[in-house]
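Student: I'd like to learn how to read helix packing and a chain interface from a model. Could you walk me through one?

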Amino acid sequence: MTLSWKKALTIARREFVTTVRRRGFLFTALGTPAYFALVMSISIGSSAHEARDVLRAFRSLGVVDSTGLFERAERSIDTSLKMDENPFAQNVEVRSFRIDVHFFEDMASADSALRTDEVSQVLVIPADYLETGRLRRYARKSSIFSSADRRPIASWLVGGLVAGRLDSLQAARAMRPTEQIQLYTLDKDGRFQYSDDRRDLLDFLLPFGFAMLLGLCITVGGQYLLYGVATEKESRILESILCNVSAEELLAGKLLGLGSSGLLLVAFWIALGIPFVGAAAIAVPVNLSPVVLVAAVCYFAFGYLFYASLMTGIGSITSNMREAQQFAVWFTFSNFAPFIVITMILSNPSGPLATGLSMFPPTAATTMLMRLTAPSSVVPGWQVLLSLVLLAGSSLLALMVSARVFRIGLLMYGKTPNLPEIIRWARRG
Amino acid sequence: MLEVREVTKNYDGRAVVNRVSFEVHPGEIFALLGPNGAGKTTLIRMITDILKPDSGVLLLDGRPVGGDRKRDIGYLPEERGLYRGDKVLETLAYFGQLKGLSSADARAAATGLLERVELGDWLQKQVQSLSKGMQQKVQLCTAMIGDPRVLILDEPFSGLDPVNVMLLEEILHERRAQGTTILLSTHQMNKVEQLCDRALMIHHGLMVLYGKVGELRRRYADYAVTVKLDSDAGVPADLPGVRDVSARDGGFNLTLESGTAPRDVLRALLDRGAGVESFALASLPLEDVFVKVVREGLGLDHGMSQAAAPIEDVAR
């Protein structure tokens with residue numbers, strides 16, 4: 001049958017305009033990044049603040065030394081903390097803290113000092129410390145989320161052990177032996193590249209972000225389609241529309257219009273993120289191959305087609321939006337399933353799990369994007385090609401089946417069909 | 001002209017429309033009748049190219065319906081709905097564009113139609129702010145926009161108040177005068193008698209009645225005549241060819257024997273000196289015909305084998 005693109009584009013334009021005009025669209029556009037920003041800032045900021053609060057509260061350390069090894073140890077500990085709420089900021093604030101050290105003859109007096117808040121913590125060094133390494137630390141409370149108070153104690157112990165045996169420089173180095181260590185790792189081109197905390201973070205964030213954007217884009221577009229079909233079916237307007245256009249024209253218009261809405265949303269999010277991405281890119285240069293970008297576009301196109309077709313089918317066989325959502329949630333879940341195992345994928349991007357998921361159509365788009373952007377990952381060209389072919393083939397199959405089910409399901413009201421009935425529709429349509 | 005020839009549609013091995021044939025001419029209002037579940041909606045969906053027939057053809061001016069010919073058919077379905085959040089004018093203009101009009105032409109046509117149905121003050125209102133009757137009029141406009149050559153209206157009067165029923169009747173007469181082919185599906189038999197030229201009734205997917213509305217009503221009146229006399233003497237006895245006489249509406253209903261010509265009965269009455277004020281072929285209200293056909297299964301035996309046969313053969 002011939003498809004009138006004029007009609008399909010008329011439908012696409014209406015779907016697009018109606019969707020982006022909705023208050024819900026604006027809420028999603030602004031609310032989603034705001035939510036992520038809030039969660040990220042709370043998560044990163046709170047860990048830095050937790051460490052700061054722990055060190056700020058750690059004003060003094062009581063020591064009960066049964067070994068006598070620490071008589072010459074320093075009577076104060078100087079330590080510092082990087083306040084890296086924004087890991088890609090050019091200038092990181094460093095805060096200094098001083099902890100006074102008080103020696104106690106016995107545990108009873110130290111206990112009393114701790115209870116009266118004369119000291120913040122008490123460190124008990126048993127006589128057999130050298131042989132066993134056993135230590136006891138007493139505090140009024142402990143922080144669940146930060147162990148920032150352990151590092152200065154460790155440094156003080158090292159300093160105490162080497163006091164008088166090493167010069168001050170050696171002693172300082174012994175206390176912080178790996179403070180300035182630099183790690184170099186192989187990049188995709190086989191060159192060793194400096195890898196710091198920021199690079200490590202970026203190595204995670206880049207594939208995560210790319211895959212998340214792709215997943216969101218596919219899901220949002222698919223959800224709009226589900227909503228559009230289910231609500232139109234619910235509103236009983238479809239018969240009037242189908243008198244004027246074919247089911248295929250309606251389907252094509254919806255795929256185009258609602259897919260564009262999803263793309264606009266993601267483009268808006270990217271635009272919002274550019275200032276932050278820009279800052280990160282200045283701090284840690286990123287080289288993204290154009291091939292990856294082309295692959296991302298292909299995976300979006302086929303991934304969207306795949307999920308949108310499924311959502312269309314679901315929307316057309318169910319009677320209302322609530323019922324449609326119950327079916328759709330499983331497909332949405334499969335799109336995001338790779339995020340559950342993202343650490344396994346990124347730590348072994350060429351392993352069987354990552355390779356398998358990137359070939360399996362429902363998870364292919366997000367997984368392959370993770371693999372392609374993962375650090376030091378080199379995905380063979382044939383795997384990308386095979387994955388794309390499988391995804392494209394599945395998408396077209398899903399579209400064909402969905403179009404057949406769509407044509408019949410749209411005008412069926414009441415009972416949701418069972419699987420044999422859906423198969424019959426797919427054959428008959 | 002709309003032609004439906006030997007059209008059949010099966011669902012799960014059951015024929016819901018079975019070899020149905022009929023034609024509707026330009027400028028004609030044609031009734032499509034049948035009890036619930038008779039197959040009317042399926043038949044309409046095939047005419048509007050929403051469904052494809054398993055066999056048979058549907059032609060509009062000699063060419064198959066569907067494709068680019070969708071613009072020639074306007075349809076008001078029984079299952080109604082509109083985009084509730086959209087403005088009235090936008091909604092209608094959208095349907096105009098789907099009918100192939102440009103954006104500007106669609107808006108102009110939509111404005112004209114909405115003014116015609118007395119909704120000119122509601123163009124910029126949201127559909128959901130309209131009453132049910134108003135929404136129905138908007139929906140009627142969605143069927144009429146683009147001036148389709150065939151207008152199919154499924155229960156167009158339901159939900160309308162008497163004033164709007166009159167308005168709709170006026171519009172139907174206007175469209176008929178313009179040469180539009182109108183196919184009306186309704187259970188309001190008085191409207192069929194009042195508006196329609198011809199009718200088709202289907203039952204269990206089969207054609208059971210097809211012909212002019214007046215003829216259908218007479219055919220099912222048990223082959224009778226109605227007589228009014230100017231005296232109280234009553235109908236003379238022993239009238240040849242008359243099987244039964246009963247009083248009705250201040251006159252008499254004379255059931256005739258098969259083969260008796262009504263004019264012979266009239267002549268016999270006059271010969272016997274009866275003062276005949278009026279003499280007419282009896283006719284049943286269409287509603288009674290409908291009930292009779294559905295309850296008694298009349299015409300069913302003939303429907304499938306003589307689907308396209310003329311009314312005389314099918315009905316009796």
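This is a predicted model: local features need pLDDT of at least 70, side-chain atom pairs count only at pLDDT 80 or more; totals for chains, interfaces and linings use all residues.

Student: Which helix is A:Gln223 found in?

Tutor: A:Gln223 belongs to helix H7 of chain A, residues 197-234.

Student: And how far apart in space are A:Gln223 and A:Thr178?

Tutor: C-alpha to C-alpha, 50 Å lie between A:Gln223 and A:Thr178, with 45 residues separating them in sequence.

Student: On to helix pairs. At what angle do the axes of H10 and H15 of chain A cross?

Tutor: For any pair, look at the axis angle, then the handedness, then the residues. Here H10 (residues 290-317) and H15 (residues 381-409) of chain A cross at roughly 25 degrees, and their axes come within 8 Å. Angles under 35 degrees count as roughly parallel, so H10(A) and H15(A) are roughly parallel to each other. The crossing of H10(A) past H15(A) is left-handed. As for residue classes, this contact has 15 nonpolar and ten polar residues, with no charged ones.

Student: H14(A) packs on H15(A) as well. Are those two roughly parallel or roughly antiparallel?

Tutor: Check the angle again: H14(A), residues 361-373, and H15(A) pack at about 150 degrees, and their axes are 9 Å apart. Over 145 degrees counts as roughly antiparallel, which means H14(A) is roughly antiparallel to H15(A). H14(A) also passes H15(A) in a left-handed crossing.

Student: Which residues of H14(A) and H15(A) meet?

Tutor: From H14(A) come A:Pro361, A:Ala364, A:Met368, A:Arg371 and A:Leu372; from H15(A), A:Gln383, A:Val384, A:Ser387, A:Leu390, A:Leu391 and A:Ser394. Sorted by class, that contact has seven nonpolar residues, three polar and one charged.

Student: What about H13(A) and H14(A): at what angle do they pack?

Tutor: About 130 degrees, with the axes of H13(A) (residues 352-359) and H14(A) 5 Å apart. That angle makes H13(A) oblique to H14(A). On the H13(A) side the contact uses A:Ala354, A:Thr355, A:Leu357, A:Ser358 and A:Met359, and on the H14(A) side A:Pro361, A:Thr363, A:Ala364, A:Thr367, A:Met368 and A:Arg371. Their classes come out as six nonpolar, four polar and one charged.

Student: Now the chain interface. How many residues of chain A and chain B are in contact?

Tutor: With an interface, go from residue counts to area, then to specific pairs. Here 24 residues of chain A contact 26 residues of chain B. The two chains bury about 2,400 Å² between them, 52% of it on carbon and sulfur atoms. On the chain A side, A:Arg14, A:Glu239 and A:Cys243 lose the most area to chain B, together 27% of what that side buries.

Student: How many salt bridges are there between chain A and chain B?

Tutor: Three salt bridges link chain A and chain B. One of them joins B:Arg45 to A:Glu239, with the closest N and O atoms 2.7 Å apart.

Key. Residues are numbered from 1 along each chain as its sequence is written. Chains are lettered from A and ligands numbered from 1 in the order in which they are written. Side-chain values use heavy atoms; hydrogens and water are left out. Axes are lines fitted to C-alpha atoms, for helices over the stretch in contact, and angles run from 0 to 180 degrees between N-to-C directions. Helices (H or I, at least four residues) and strands (E, at least two) are DSSP runs, numbered from the N terminus. Angles under 35 degrees count as roughly parallel, over 145 as roughly antiparallel, 65 to 115 as roughly perpendicular and the rest as oblique. A crossing is left-handed if the near helix is turned anticlockwise from the far one by less than a right angle, and right-handed if clockwise. Ala, Val, Leu, Ile, Met, Phe, Trp, Tyr, Cys and Pro count as nonpolar, Asp, Glu, Lys and Arg as charged, and the others, Gly among them, as polar. Contact means heavy atoms within 4.5 Å. Buried area is the accessible area (1.4 Å probe) that two parts lose on being put together, summed over both. A salt bridge is a side-chain nitrogen of Lys or Arg within 4 Å of a carboxyl oxygen of Asp or Glu.
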